[in-house]
Amino acid sequence: YEGKINSLKTLNQTPQLMECYQSLLKLDPKNTSLYLELGSLQEQLNQHQQAINSYNQAIQIDPQDIWPYYSRAAAEKALGQYDNVLITFDNIIEVAPGELLAYINKAILLKQLGRYSQALECCDRVIELKADAKDVVALREEIEKKIEETPSM
């Protein structure tokens, strides 16, 4: 099947590729990699909700694997489901408390949403975990500047 999948990818035969993944999942329903690949293909086709479903299947099989969560967050963001994205980042943090990228991505999204104090908390957590996080220090300074520029209510 691997050769067939590679050929279908090369030939850009999306419907057949989708069928191939579905067939493989029937043979190996616990294969998280297949769900991740299927979800990625669904995202390329702008089938973000279906991709989320595929990533959820991978998470259900192996809830300790953080990568399906990241993929789900990307699909949720594409749909504008920002609260769900934040929940997904929290899921990653729960599974892997030292996962700096989850805090950083969460801080960036919170900043974009104008939720500056929460974004600062995420930055502080990264700095606490990794003292030499220069990019996060710069992000933190940007957020502080936004707070200063934002009129008080």
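Hi everyone. Before I start, one cut-off: a residue counts as buried under 20% relative accessible area, as exposed over 50%, and as partly exposed in between. Keep in mind that this is a predicted model.

With that cut-off, R125 counts as partly exposed, because its relative accessibility is 27%. Its salt-bridge partner is E128, with N and O 2.5 Å apart. E128 is exposed, at 60% relative accessible area. Both sit in helix α8, residues 116–129, and since they are 3 residues apart, about one helical turn separates them.

E144 is partly exposed, at 33%.

Now, which residue forms a salt bridge with K111? That would be E142, with the closest N and O atoms 2.7 Å apart. This pair links distant parts of the chain, 31 residues apart: K111 belongs to helix α7 (residues 100–112) and E142 to helix α9 (residues 134–149). E142 is partly exposed, with 41% relative accessibility. In total, the count comes to 7 salt bridges.

Last, the cysteines. How many disulfides does the structure hold? The number is 0. C123 is in no disulfide, and the nearest cysteine sulfur, from C122, is 7.0 Å away. C123 is buried, at 1% relative accessible area, and C20 is buried too, at 3%.

Thanks, and I'm happy to chat!

Conventions
Residues are numbered from 1 along each chain as its sequence is written. This is a predicted model: local features need pLDDT of at least 70, side-chain atom pairs count only at pLDDT 80 or more; totals for chains, interfaces and linings use all residues. Side-chain values use heavy atoms; hydrogens and water are left out. A disulfide is a pair of cysteine sulfur atoms within 2.5 Å. Buried means under 20% relative accessible area, exposed over 50%, partly exposed in between (1.4 Å probe, protein chains only). A salt bridge is a side-chain nitrogen of Lys or Arg within 4 Å of a carboxyl oxygen of Asp or Glu. Helices (H or I, at least four residues) and strands (E, at least two) are DSSP runs, numbered from the N terminus.
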